[in-house]
Amino acid sequence: MKLQALSGMKDYLGYESEELTDLSNRGLELFARAGFRQIRTPLLEEAELFDRSLGSGSEVVNKQMYTVQQGGDRLIALRPENTAGVVRAVNENRLLSNRSQLKLCYAGPMFRHERPQSGRLRQFHQLGLELFGRSDPLADAEVIWLGQQLLQQLRIDNTKLLINSIGCTECRPDYIEKLIDAVEPAAEKLCQDCQQRLSTNPLRLLDCKNSCCQELYSDVAPSIVDHICDGCRKHLEQLQEYLALLGVESFLTASLVRGLDYYNRTTFEFVSGDLGQQDAVLAGGRYDGLVEQLGGEACPAIGFSAGLERIMLLRSSYNDPRVDVAVDCYFLPIGKQALYKILPLVAASRSDSSGLRVELGNPEKTVKSQLRRANRYGARAVLICGEQELDKGLITYKDMASGEQTALDLTTQKKFAEQLKRLYFKFN
RNA sequence: GUGGCCGUAGCUCAGCAGGCAGAGCACUCGGUUGUGGUCCGAGUUGUCGCCGGUUCGAAUCCGGUCGGCCACCCCA
């Protein structure tokens, strides 16, 4: 059988890999300016960590984790998301002792075993941040503002910010009860999935994509924002005020219910109409109970993460940046003697401070074919060395755009480098 | 996990009521001395995704499998 990448796993070639690195770096830099320090946690964690944080009933934990049985009954898992791991690390390294606030950011691969689609891979990359120790809506506003800044700086426009509050442990159970009461009488009209949800995860009824269900809910289902407690409502209202103040436009969306159990109060999602069904580019929410739930001192927190592959999809649909990087100087030796002369110059030109991209030809090939290749590489300058040059201690500088040729003195390397630079910048 | 469409040269694809595997682009070389792009000429490239079945004969029909795209589910 032919060897090939696993389903849903992708090779990032050339430009794609470079862009992935570049996007991560630009994001982390933006976060750093807002005081976030980097954290890099292991790709593997105990599976229990995700059971206890995301919720053992959640789709991600139930069906999408890559797990490995290790030793006796120890089950380990490739991380399907990063918040749980970060919280584990915060607790384990006691990062919250002696401080009231902690800001962390990260970028790296996540793994979910689901059916691949555009914008959905089994190994994908997320860029995100977590802010610990702040329960005030100003923290939410700052975090959401950073999300918006990130998208803006990466030239992702046409996104829409959806926000919602899913209440807290005090008020959510009451709401869920009311929701069930309202929907249950009509249970027979619901789709299969919703009938299931009614018993397993009633909140998720709200974001069913079936239009029949949606119609029913808009008729009978109470809106969650009308039923959250005073504290939660004030939090939401204050957040909306701050967002307005920051110039961040948001749309209150009662159906925005996220799939991970740890969220409370604020949830938000930046969605794009240009991504097909996988429309969330950047999403997150508040998770005030998680730190304690995973064994730490109680500590409120909020965070988000962005899907880098989805960002790349959006960028390529707006502009087509797939241009191969051109070579600056192509060294062209004619014969082995010339190679001996040229090789040290190539080495020097690649390592000096000029930053020039340098390519070396093949001394066995004809001048014609080497020049062809130099041209294909987009070389701006070619440095030719053959018998004629060797005799005189010279090297020929050829500017590819004009075809103009100049002789450079080869007597000392330093002198050569200076001349090369001068000529190169004269022509470019 | 469920369903629909797809898989032929490095790339984009044609060929498919069963009869020698194709085109464009790309690539290599050449168009007399050591000069690219444009032009002209020549040439190379295949496990037709894989395994099996039907058949005298399968890229073509059938079954399975792997991979891709899309939708559901769910999510970044």
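**Figure 1. Salt bridge between Asp328 and Arg357 in the predicted model.** At 42% relative accessibility, Arg357 counts as partly exposed. Its partner in this view of the predicted model is Asp328, and the closest N and O atoms of the salt bridge are 3.9 Å apart. The pair links distant parts of the chain, 29 residues apart. Asp328 occupies the loop between helix H11 (308-318) and strand S12 (329-333), whereas Arg357 occupies the loop between helix H12 (336-351) and strand S13 (358-360). Asp328, with a relative accessibility of 5%, counts as buried.

**Figure 2. Salt bridge between Arg52 and Glu48 within helix H2.** The side chains of Arg52 and Glu48 form a salt bridge with an N to O distance of 3.3 Å. Both residues belong to helix H2 (residues 47-54), and because they are 4 residues apart in that helix, about one helical turn separates them. Arg52 is partly exposed, its relative accessible area being 39%. Glu48 is likewise partly exposed, with a value of 43%.

**Figure 3. Salt bridge between Arg233 and Asp230 within helix H9.** The Arg233 and Asp230 side chains meet in a salt bridge of 3.0 Å, N to O. The two residues lie 3 residues apart in helix H9 (residues 230-245), so that about one helical turn separates them. Arg233 has a relative accessibility of 29% and counts as partly exposed. Asp230 reaches 51% and counts as exposed, because the cut-off for that class is over 50%.

**Figure 4. Salt-bridge network of Glu45, Arg88 and Glu92.** In this view, salt bridges link Glu45, Arg88 and Glu92 in a network. For the model as a whole, the count comes to 16 salt bridges.

**Figure 5. Packing of helix H1 against helix H5.** Helix H1 (residues 15-33) and helix H5 (residues 137-153) pack at an angle of about 140 degrees, and their axes are 10 Å apart. The two helices are therefore oblique to each other, since only angles over 145 degrees count as roughly antiparallel. H1 passes H5 in a right-handed crossing. On the H1 side the contact is made by Arg26, Gly27, Leu30 and Phe31, and on the H5 side by Leu146, Gln149, Leu150 and Gln153. Sorted by class, this contact of H1 with H5 has 4 nonpolar, 3 polar and 1 charged residues.

**Figure 6. Surroundings of Gly27 in helix H1.** Gly27 is found in helix H1 and is one of the residues through which H1 makes contact with H5. Gly27 is buried, with a relative accessible area of 0%. When residues up to four places away in sequence are not counted, Gly27 touches Leu127 and Leu150. Leu150 is a residue of the H5 side of the helix contact. Gly27 and Leu146 are 119 residues apart in sequence, and their C-alpha atoms are 9.6 Å apart in space.

**Figure 7. Packing of helix H5 against helix H9.** H5 and H9 pack at an angle of about 45 degrees, with their axes 8 Å apart. This arrangement is therefore oblique, and the crossing of H5 and H9 is right-handed. H5 contributes Pro137, Leu138, Asp140, Ala141 and Ile144 to the contact, while H9 contributes His235, Gln238, Leu239, Tyr242 and Leu243. By class, the contact of H5 with H9 has 7 nonpolar, 2 polar and 1 charged residues.

Figure 8. Arg94 is placed in the loop between helix H4 (83-92) and strand S5 (102-111). Its phi is near 50 degrees, a positive value in a residue other than glycine. Arg94 counts as exposed, with a relative accessibility of 62%. Asn98 also lies in the loop between H4 and S5. Although Asn98 is not a glycine, its phi is positive, at about 70 degrees. Asn98 is exposed, with a relative accessible area of 84%.

Key. Residues numbered from 1 in each chain as written. Chains lettered and ligands numbered in written order. Predicted model: local features only at pLDDT ≥ 70, side-chain atom pairs only at ≥ 80, totals over all residues. Heavy atoms only, no water. Axes fitted to C-alpha atoms, helices over the stretch in contact; angles between N-to-C directions. Parallel < 35°, antiparallel > 145°, perpendicular 65-115°, else oblique. Left-handed = near helix turned anticlockwise from the far one by under 90°. Contact = heavy atoms within 4.5 Å. Nonpolar A, V, L, I, M, F, W, Y, C, P; charged D, E, K, R; others polar. Salt bridge = Lys/Arg side-chain N within 4 Å of Asp/Glu carboxyl O. Buried < 20%, exposed > 50% of the residue type's maximum accessible area, 1.4 Å probe, protein only.
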